[in-house]
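Have the structure open and follow along.

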Amino acid sequence: MAEPTAPPLDDGDMLAAIDIGSNSFHMVVARYTLGQLRIVDRLRETVRMAEGLDGRGGLAADERQRALECLARFGQRIRDIPPQHVRALATNTVRSLASPQAFLVPAETALGHSIEVISGREEARLIYLGVAHAQPPKAGHRRLVIDIGGGSTECIIGAGFDTLERESLQAGCIATTRRFFGNGKLTRKKWRDAVIEVSAEFQQFANTYRELGWNEALGASGTNKAIGDICAAMKLTKGAVTAEALPQVRDRLLQADRIDAIELPGLSNDRRPIIAGGVLVLEAAFSALGLQRMMVSKGAMREGILYDMLGRGGDNDPRDLSVAAMMQRYGIDEAQAARVEATAMRLFQQVREAWGLDDDDALMLGWAARLHEIGLVIAHSQYHVHGAYLLEHSDISGFSRQEQQVLSSLVRTHRRGVSKSAFDALPDRLLSSAKRKAALLRLAVLLHRSRSAEPIPHLELKAGDDRLDLVVGKRWVDAHPLLRSDLLGEPDDMPGLGITFKPFVA
């Protein structure tokens, strides 16, 4: 099977990872040296974007402006780093927007780089990767990692550098503070009721996690660090959070009757408005999972993004493993997928320069070729529609939402008429290249409709801005009358991609 790969990293290359979180925006800049990452800069700004969510998927003007101004400052710092070495990921708050593109378009302009939205489970995978690299795990040990963000909480069990279980709950420190203490008042009764509600959300997976078990628990990101600092300042621990210390932190917190009156040793003014929700979520997690002790990790999602970029630039792209797993799970005909992929790559190389396609386009086209028949597991009729649905709505490790939407669009349009809505989910910056990749995949699938292993002897493709001319060998076409019929019919469908197609026999 063809293996298109992204260009490898060179010694001295600079990389940047941006975590567009619900509470804070983080950026880490690193240099790739002798196969390792060396952090050269860190930036963090408290944006509290989740405070601007209105419950209908809208974002208030103040929070939106704070976010854009922060991204503009980040963009100034990394303006000399090439786009392929920058990865910016948006999490829960942007996932919650009714119209993410209304925020992402100006956000990408401010940053000067594209921004991807990731699912909660993909966020969990990257968090675990960051923690595992910051504190290398012991062989044979399993870890529980909990990350309480502004809008969501991720819980992961992993071994080595791989995740075994990943969950994401809609219960972050900002979201939980607003949900239960939106009027600013604190009472013990309200706290008890809130802990019961949040604990019920953890109970959805608590039994599975407890049966699998773990050797140590680690907390990632700012909320857990802040609670660990409070435990240390209160002389309850040396920085860990324990089942004995956490109730004492809670009781001290509840001595205040209002959020703005909270006084906790070691608590910063910046963290005060949202600490109640963070402590509450952690108390619920300790209760539901039976935790006794949790250390605080030095790593988080931004470090995970950096190490994921290393994998993407080398031989350990997690997306390859995910595609292979899906092929196996859904019983895809690997021989046919390989034939289609090889021909798609053959066509790609002939039009790559004319159409301005790059290595990422090659990767996406290759994955779409491997998965184009995934919908057959449901039914042959409309299998391209079924496949598109599976690819858009599955949790596919390593892929952002936009990447899944591209895959879905390619599979949706690889046969039959091109639906007018097939590309609606894609941002404008991806639209042209997606339609061009769809045209290449259509031709590759069409050329292998017979599912024969017989090689295609002559295949020449030329591209203009909005046209494709395909030249195939006469003797081969004459021996395949169904192919001739398909080629003659394809010009009627290709205009749905904004492309004029003409087949020629030589």
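Strands β6 (residues 142-148) and β7 (residues 153-159) run antiparallel and are joined by 7 bridges. Strands here are DSSP runs of E with at least two residues, helices are runs of H or I with at least four, and both are numbered from the N terminus; two strands count as paired if DSSP finds at least two bridges between them. Within this pair, Arg 142 sits opposite Ala 159 in β7.

Helix α9 (residues 275-289) packs on the sheet, touching β6, β7, β10 and β11 (293-296), where a contact means heavy atoms within 4.5 Å. The direction of α9 makes about 155° with that of β6, using lines fitted to C-alpha atoms (for helices over the stretch in contact) and angles from 0 to 180 degrees between N-to-C directions.

A word on ground rules: this is a predicted model, with local features needing pLDDT of at least 70 and side-chain atom pairs counting only at pLDDT 80 or more, while totals for chains, interfaces and linings use all residues. Residues are numbered from 1 along each chain as its sequence is written, and side-chain values use heavy atoms, leaving out hydrogens and water.

| Pair | Bridges | Direction |
|---|---|---|
| β12 (residues 459-464) and β13 | 6 bridges | antiparallel |
| β13 and β14 (residues 500-505) | 6 bridges | parallel |

A hairpin joins β12 to β13 through 2 residues, and Leu 459 stands opposite Val 472 in β13. On the β14 side, Asp 469 has Lys 502 as its bridge partner. Strand β13 (residues 467-472) is mostly covered, with 5 of its 6 residues buried (under 20% relative accessible area with a 1.4 Å probe, protein chains only; exposed is over 50%, partly exposed in between).

Now for the rings. Searching the whole structure turns up 5 aromatic pairs. Phe 205 and Tyr 209 have ring centres 4.8 Å apart and planes at 55°, so that pair is tilted. Rings of Phe, Tyr and Trp (its six-membered ring) pair if their centres lie within 6.5 Å, with planes under 30 degrees apart stacked, over 60 edge-to-face and the rest tilted. Phe 205 and Tyr 209 are 4 residues apart in helix α6 (residues 188-212), about one helical turn, and both are buried. Elsewhere, Phe 180, Phe 181 and Trp 191 form one aromatic cluster.
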